[in-house]
Amino acid sequence: MKAIFLPDFETIVAVTDTIVDSSSSSSLSSSLDTNERHYGSPDGGCKADERSFQIQGIPGEICTPACVNGQCPDDVSDGVTATPVCALSLPNGEKYCALVCKPERFLRSSDDGCGDATCRPIQGVGICTFD
């Protein structure tokens, strides 16, 4: 069981979705490093301080940096209004950032705060992922 830290709550909500590190299992190598900002598409190559992840049960992948003292880089791509949050925790205790968004049924995907990504619902909030 993994945990996701929700920005609007003081408690940790356990979720059954599994975080899968896809950095070494695909052609999406972090050595490509062609994204200019954090949280870009893994297709563009994750930045040197990011890893590519999939969260089982949520379509898509994300490039995500590690949390540093509970903080996340805020250099997001143009058009992104989702909030970088220290939201992902691996079983070994490592914590990673994610763009947390607010999925709503009537929003178009271009209006969900994720820019070129899509806001995917999980536990009442959303995480921006790339298809």
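Threonine 129 touches Ile58, Pro59, Gly60, Glu61, Ile62, Ala117, Thr118 and Arg120, leaving out residues up to four places away in sequence; contact here means heavy atoms within 4.5 Å. This is a predicted model, where local features need pLDDT of at least 70 and side-chain atom pairs count only at pLDDT 80 or more, while totals for chains, interfaces and linings use all residues. Residues are numbered from 1 along each chain as its sequence is written, and side-chain values use heavy atoms, with hydrogens and water left out.

Threonine 129 sits in strand β9 (residues 125–129); strands are DSSP runs (E, at least two residues), numbered from the N terminus. Threonine 129 counts as buried because its relative accessibility is 4%, with buried meaning under 20% relative accessible area (1.4 Å probe, protein chains only).

Now for the largest nonpolar core, which has 15 residues. Such a core is a set of buried Ala, Val, Leu, Ile, Met, Phe, Trp, Tyr and Cys residues joined through side-chain atoms within 4.5 Å. Tyr39, Cys72, Ala82, Leu99, Cys101, Cys114 and Cys128 have the most contacts inside it. Strand β7 (residues 95–101) gives the most to this core, with three residues. Apart from it lies another core, of 14 residues, among them Phe53, Ile58, Ala98 and Ile127.

Over to valine 80, in the loop between β5 (62–65) and β6 (83–89). With 14% relative accessibility, valine 80 counts as buried too. Setting aside residues up to four places away in sequence, valine 80 touches Leu99, Gly113, Cys114 and Gly115. Valine 80 and tyrosine 39 are 41 residues apart in sequence, and their C-alpha atoms are 9.8 Å apart in space.

Conventions:
Helices (H or I, at least four residues) and strands (E, at least two) are DSSP runs, numbered from the N terminus. Buried means under 20% relative accessible area, exposed over 50%, partly exposed in between (1.4 Å probe, protein chains only).
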